[in-house]
Amino acid sequence: MPEPSFRVAACQGRIRTSRLGPVQVVTVEGGPVWIRRPAQPVESLHDGCLMVMSLFEGSAVVSQGHRETHMQPGETVFYDATHPMRITFTGTFRVACLIFPRRLIGLTETHLKRVLATPISSCAPSASLLTPLLDGLGDTVPKLPPGTSEVLVRHVVGLLSVLAEERLPEETGLPQGAQDLLSRIKAYIDQRLGDPDLTLLSVARTHHISTRYLHKLFEYEDTTASRWIQRRRLERCRRELARRGAAAMTISAVARPFGFSSAAHFSRAFRRMYGMSPAEWREKALLGGESTPPEATATHRAGAEPRAPRPGAFPARRPSGTAAA
């Protein structure tokens, strides 16, 4: 992660820094001071950092772009380390900052601009959880046992994502950028249906988004990401079962390459989706009695395909958590 550079006026105080995976934790306390972040080269913009600062004591003025934020104790603010900014502490103060790659939070540039340099009160639902967490994080991180950093950083970044999304206005329809992203995700899933390591977390990480945002994308489709993956796997199995060249294969042998390690689980999922067992479908398909699947039944049972987009179904926000496909 690139290290942000700052210009700081002479002052007395104390700075502590520690690492939580890709996140840098900085706690600062001292007297009156200003801190300025100069402009960065254009090529660094997409690899730069975002910062979140919570003020515990004192007051501060954060200026970035055309916005000037006056912070009071208990307030939190996002700002962008890739653009010029200035923070002025007018007296004794104590703050905690998180510095992290902007890709972790997964918001578009348009959405980021809406939340930057805007004070968030500790009374906000997510901020009420974040503020005490940041207050003790600087002391906690050095004491963490090995192997816990990755787990904790996922929860911290997830909470930051929720906090940022609470600042975004509701939007109707799926923005074009999100539509393109959803199409790429679907293509990625289709190429890896037989991969046992295909999980919602792996899909989200590959596309540099949170799993919470992944869920939001599929909400617009009136389904879930997990259901979408299972439906695509079942469709591939259904086509394979109907192929005459695979007639000698067992049901398990057909299902296994598409991510179903348990024949019983596959049979139950297939019956829920299509209203018949895999063996019954194969017999009908090979005898020519049914050349197409009962899609209407599948849609009704699984709720996997939308008939039409739901107005307002996609608040342009971003989501976290780990779920296996």
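Contact here means heavy atoms within 4.5 Å. I note at the outset that the model is predicted.

**Entry 1: Glu75**

I looked up where Glu75 sits and found Glu75 in the loop between strand E7 (67–71) and strand E8 (76–80). Is Glu75 buried or exposed? Its relative accessibility is 18%, and buried means under 20%, so I recorded Glu75 as buried. I then listed its contacts, leaving aside the neighbours within four places in sequence: Met53, Ser54, Leu55, His70, Pro119, Ile120 and Ser121. I also noted that a polar atom of the Glu75 side chain lies 2.9 Å from the backbone nitrogen of Gln72.

**Entry 2: Helices H4 and H6**

Two packed helices are described by the angle between their axes and the distance between the axes. I looked up both values for helix H4 (residues 176–191) and helix H6 (residues 211–219): the axes come within 11 Å and cross at roughly 100°. Angles of 65 to 115 degrees count as roughly perpendicular, and H4 and H6 are therefore roughly perpendicular to each other.

Which residues meet in this pair? From H4 I listed Ala178, Leu181, Leu182, Ile185, Lys186 and Ile189, and from H6 Tyr213, Leu214, Leu217 and Phe218. Sorted by class, the contact of H4 with H6 has 9 nonpolar, no polar and 1 charged residues.

**Entry 3: Cysteines**

A disulfide is a covalent bond between the sulfur atoms of two cysteines. I searched for disulfides, and the structure holds 0. I checked the burial of two cysteines as well: Cys49 is buried, with a relative accessible area of 3%, and Cys97 is buried, with a value of 9%.

Note on methods: Residues numbered from 1 in each chain as written. Predicted model: local features only at pLDDT ≥ 70, side-chain atom pairs only at ≥ 80, totals over all residues. Heavy atoms only, no water. Axes fitted to C-alpha atoms, helices over the stretch in contact; angles between N-to-C directions. Helix = DSSP H or I, 4+ residues; strand = E, 2+ residues; numbered from the N terminus. Parallel < 35°, antiparallel > 145°, perpendicular 65-115°, else oblique. Nonpolar A, V, L, I, M, F, W, Y, C, P; charged D, E, K, R; others polar. Disulfide = S-S within 2.5 Å. Buried < 20%, exposed > 50% of the residue type's maximum accessible area, 1.4 Å probe, protein only. Polar contact = N/O pair within 3.5 Å; in protein donor to acceptor, adjacent residues only side chain to side chain.
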